[in-house]
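The following paragraphs lead the reader through the structure displayed below.

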Amino acid sequence: MGYFDVPEVEYTRYSNRQLAAVPLAILAVALLVLSGSFLLTGAPVQLGMDFAGGAELTIQTTSSEGEIRDAFDRAPDSIQAIQAPGVDNQYTVQFAGIDDSEAIQALSTQAEQNLEADGDAAIVQSESTASASFAEQTQRTALLGIAVAFLGMSVLAFLLFRTFVPSVAIVVSAFSDIMIPLAFMAIAGIQLSLGTVAALLMLIGYSVDSDILLNNHVLRRSGDFYESTHRAMRTGITMTVTSMMAMLVMGIAAWLFGVELLASIGIILFVGLAADLMNTYMLNVSLLRWYKFEGVRS
Amino acid sequence: MGPIAFAKEYWRILLLVTFLGVALVALFIPGGIVADDTLAAENESVDDNPTNIEYGLGLDGGTRVSAPPVGMTVDHLDIEHDEQQQVATALYTYDYENADLEVRDATVRFHENDNRFSAEIFSDEVTPAEFAAALESADVGLEVDEDDVEQGVTQQTRDEIIQTIELRINEAGLDGGSAYQEATLGGQYYIVTEVPGMSPEELRELLSDRGDVRIDAYHPDEDGEQTNETVLLGEEIADSGVASYDDERGQHYVPITVDNTEGEDGNSPASEYQGAMNDLGFTGEGQGRCHIQDREAGEFDFDPDDPQWCLLTIVDGEVIDAHSMGAGLAENMRTGTWENDPTFRMIVPTQQDAHHLAVNLQSGALTAPLDFDREQTFTLQPALADQFKLYSLLIGGLAVMTVCGMIFLRYRDPRVAAPMFLTAMAEVVILLGFAAAIRMPLDLSHVAGFIAVVGTGVDDLVIIADEVMDEGDVNSRRVFESRFRKAFWIIGAAAATTIIALSPLAVLSLGDLRGFAIITILGVLVGVLITRPAYGDILQRLLTDK
């Protein structure tokens with residue numbers, strides 16, 4: 001097994017414009033995807049049952065997936081078999097966007113009536129439901145939470161560095177770090193759930209970590225710009241890649257085990273951290289370099 | 001080196017060790033830090049749970065139903081004490097378009113603390129405008145328009161609901177259930193009920209029973225027409241027993257005691273009931289003359305051919321039983337001695353009815369019904385919960401191993417990587433100990449929080465390690481201290497942003513996410529204040545070869 005080392009990037013070979021172009025282009029594509037999805041479906045990303053109302057059932061049954069699909073009076077959004085060690089015949093069935101609360105309450109009864117029990121185990125192992133109006137409430141609360149978190153982070157960034165360009169760099173890359181995984185969700189068909197919202201908020205924290213590190217090395221230390229950048233990168237990339245790997249492992253394991261909350265947090269953080277690598281070391285670096293060499297300093 | 005100098009030099013490590021020790025005590029010693037007020041519960045759980053950690057619904061199984069109470073409130077009514085009853089009467093007698101309110105559906109409260117009156121209606125079929133009009137119809141000079149009407153009920157009403165629900169859960173014989181309220185953004189409140197070992201349908205049924213019990217006398221009036229008259233209300237019952245069965249007569253019943261304390265008019269509910277029974281003929285000609293109920297079919301015939309004297313047991317407006325008065329009881333009533341020992345049996349058709357009735361009588365009626373159209377439910381079988389416990393351990397373990405592998409690959413120096421790993425683990429142990437000490441029930445979301453803590457923790461340790469080992473060897477304490485301080489600025493700034501980013505989740509009612517946010521914020525605090533400085537000390541000790 002090879003050792004994990006952080007390579008030295010020759011930033012001098014690229015102009016600021018070239019460096020910034022890639023992350024900005026990707027951000028533009030992400031925004032395009034989100035607005036396209038908004039125009040088509042009315043929401044930038046598919047809303048899960050937490051935000052649209054509906055139900056999620058974990059069932060244990062010897063019936064086949066096709067029989068599970070037919071057991072309910074409305075078609076499930078997804079049926080996923082759980083592949084944990086020592087577990088057979090368990091499935092997660094999701095329904096989102098049901099307005100009628102009685103229809104939601106009837107789902108578990110339908111499962112119990114129409115599916116074959118697996119030995120003595122209860123058919124409905126777990127059920128989570130939210131009525132449409134409860135979900136709407138959750139949606140508003142979550143939006144407020146994200147807005148407050150983002151605003152608080154922006155204010156803190158300005159307080160920490162007290163200069164315009166570096167602070168803006170932090171805010172812009174945090175924004176992009178959230179938009180890119182959102183666009184990924186829209187494309188990959190991952191529903192927005194409480195778990196993914198938690199991941200997005202965590203991303204704000206993680207994203208700012210590496211930005212602060214970079215800004216701190218470049219602005220608050222004496223020494224050559226490229227030298228400082230390289231040092232910040234060595235630490236920063238170690239951090240981010242370590243977290244990415246942990247999240248990937250957690251995401252895949254939790255997905256196989258059917259632990260939805262942990263799975264969505266893991267996958268979204270993995271994608272977001274990858275976006276953060278790009279944003280920090282291309283967008284942020286180019287903004288900082290421009291500020292350091294050409295920017296007007298007050 | 002003297003002990004004081006030693007403590008001065010290594011206070012950060014000592015602090016870490018102290019916290020670890022306390023956390024381990026809280027985690028593993030039964031009773032641990034917690035005062036012994038719940039020793040009984042503690043003993044039960046010791047057998048199957050080697051630690052003091054408490055698990056929440058998501059890791060232990062059970063059912064949770066959240067639903068808001070139905071109702072509207074007008075606050076700060078400008079009325080006097082002697083007008084209170086008048087307003088309440090106006091509210092339930094007003095002629096609403098779609099609703100026919102009963103006494104229990106409206107209430108006027110006086111709030112002693114801030115000396116104000118409020119009026120509430122517990123129905124979703126009344127419009128705010130009608131509510132306002134009904135208040136004005138009380139003829140006490142109130143001026144109310146529909147903008148004064150707020151959705152939702154008062155805190156007192158919610159407290160009563162929660163109390164009633166808790167009584168019902170206990171009556172149903174379920175341990176470990178609880179009810180509490182949760183505020184939402186718009187100032188609305190949800191009543192949340194958590195019960196282990198009940199399905200959502202059962203819990204919903206327990207919660208949707210309004211639980212309003214009364215007895216009506218069904219008897220012929222002067223013209224020989226059958227008529228209904230309420231003779232006993234649920235609140236006039238002083239005490240009730242458990243669901244019982246009489247083998248001899250084959251009856252399911254609940255024994256009750258009617259309140260016999262005298263009211264202002266010198267009459268007690270018991271003596272009034274006795275009087276009504278005698279006046280209406282239940283103790284005389286009507287004895288044994290009730291045949292309107294077909295017990296086999298569970299049906300009632302309210303169009304009988306001959307005069308009937310029936311006592312109707314009515315729960316939430318629905319007749320569940322009709323029977324005549326027994327000879328012994330009638331005798332006591334006739335002679336007027338019954339009111340001295342005012343007990344009788346409320347007879348119902350089935351054991352299940354008896355059980356429901358007992359629960360409803362014990363807990364009293366729900367002040368306001370809950371709106372299940374706006375509910376959220378969660379339920380988990382204990383078997384699956386056990387799986388989740390195992391999975392969380394596995395997933396957490398895998399994530400930690402990955403982190404560990406990455407830092408070994410990166411630093412290739414066990415002197416740097418091993419303490420890094422141990423420090424991150426110490427953080428988790430301290431947090432777990434804290435959770436056990438304050439008896440925070442752990443759920444899946446908390447597990448996610450623990451993993452996030454390891455993630456941010458290792459990030460910060462990497463920053464410390466890189467910063468300290470920057471620019472060649474660390475050969476003096478001064479160099480180390482200055483570099484450590486620089487690293488700490490970054491860590492502090494990063495910690496502050498994480499806390500800010502997650503604090504909305506810790507206060508907003510977003511269900512699962514609150515646990516995640518609380519653990520992550522606590523973890524960041526523990527990390528910045530205790531474990532990460534200690535890691536710096538350890539690293540210094542190892543690198544400066546003192």
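This is a predicted model: local features need pLDDT of at least 70, side-chain atom pairs count only at pLDDT 80 or more; totals for chains, interfaces and linings use all residues.

A disulfide is taken here to be a pair of cysteine sulfur atoms within 2.5 Å. Because the torsion about the S-S bond of Cys290(B) and Cys310(B) is about 105 degrees, the disulfide is right-handed. Both Cys290(B) and Cys310(B) are buried. Another cysteine, Cys404(B), has a relative accessible area of 14%; because buried means under 20%, Cys404(B) is also classed as buried.

Arg168(B) is located in helix α7 (residues 155-171) of chain B. Is this residue, Arg168(B), buried or exposed? Its relative accessible area is 2%, and Arg168(B) is therefore buried. A polar atom of the Arg168(B) side chain lies 3.0 Å from the backbone oxygen of Leu206(B). When neighbours within four places in sequence are left aside, the residues in contact with Arg168(B) include Leu206(B), Leu207(B), Asp209(B), Arg210(B) and Gly211(B). Also among them are Val359(B), Asn360(B), Ser363(B), Gly364(B), Ala365(B) and Leu366(B).

Attention now passes to chain A, which is divided into domain 1 (11-48 + 134-295) and domain 2 (54-130). The centres of domain 1 of chain A and domain 2 of chain A, taken over C-alpha atoms, are separated by 36 Å. Their contact involves 9 residues from domain 1 of chain A and 10 residues from domain 2 of chain A. Between them, these two domains of chain A bury about 760 Å², of which 54% is on carbon and sulfur atoms. On the side of domain 1 of chain A, Gln191(A), Leu256(A) and Phe257(A) supply 48% of the area buried against domain 2 of chain A, more than any other three residues. Across this interface between domain 1 and domain 2 of chain A there is 1 residue pair in polar contact, and the count of salt bridges is 0. Helix α8 (residues 225-257) of chain A gives 3 residues to the side of domain 1 that touches domain 2, the largest share.

The last step concerns the two chains together. How many residues of chain A are in contact with chain B? The contact comprises 77 residues of chain A and 71 residues of chain B. Chain A and chain B bury about 6400 Å² between them, with 68% of that area on carbon and sulfur atoms. Gln105(A), Phe134(A) and Met202(A) supply 9% of the area that chain A buries against chain B, more than any other three residues. Between chain A and chain B the count is 0 salt bridges, but 11 residue pairs are in polar contact. On the side of chain A that touches chain B, the elements giving two or more residues are α4 (101-114), β4 (124-130), α5 (132-161), α7 (194-220), α8 and α9 (260-293) of chain A.

Terms used
Residues are numbered from 1 along each chain as its sequence is written. Chains are lettered from A and ligands numbered from 1 in the order in which they are written. Side-chain values use heavy atoms; hydrogens and water are left out. Buried means under 20% relative accessible area, exposed over 50%, partly exposed in between (1.4 Å probe, protein chains only). Domain bounds come from an automatic or database domain assignment. Contact means heavy atoms within 4.5 Å. Buried area is the accessible area (1.4 Å probe) that two parts lose on being put together, summed over both. A salt bridge is a side-chain nitrogen of Lys or Arg within 4 Å of a carboxyl oxygen of Asp or Glu. A polar contact is a pair of N or O atoms within 3.5 Å; within protein, one must be able to donate a hydrogen and the other to accept it, and residues adjacent in sequence count only if both atoms are side-chain atoms. Helices (H or I, at least four residues) and strands (E, at least two) are DSSP runs, numbered from the N terminus.
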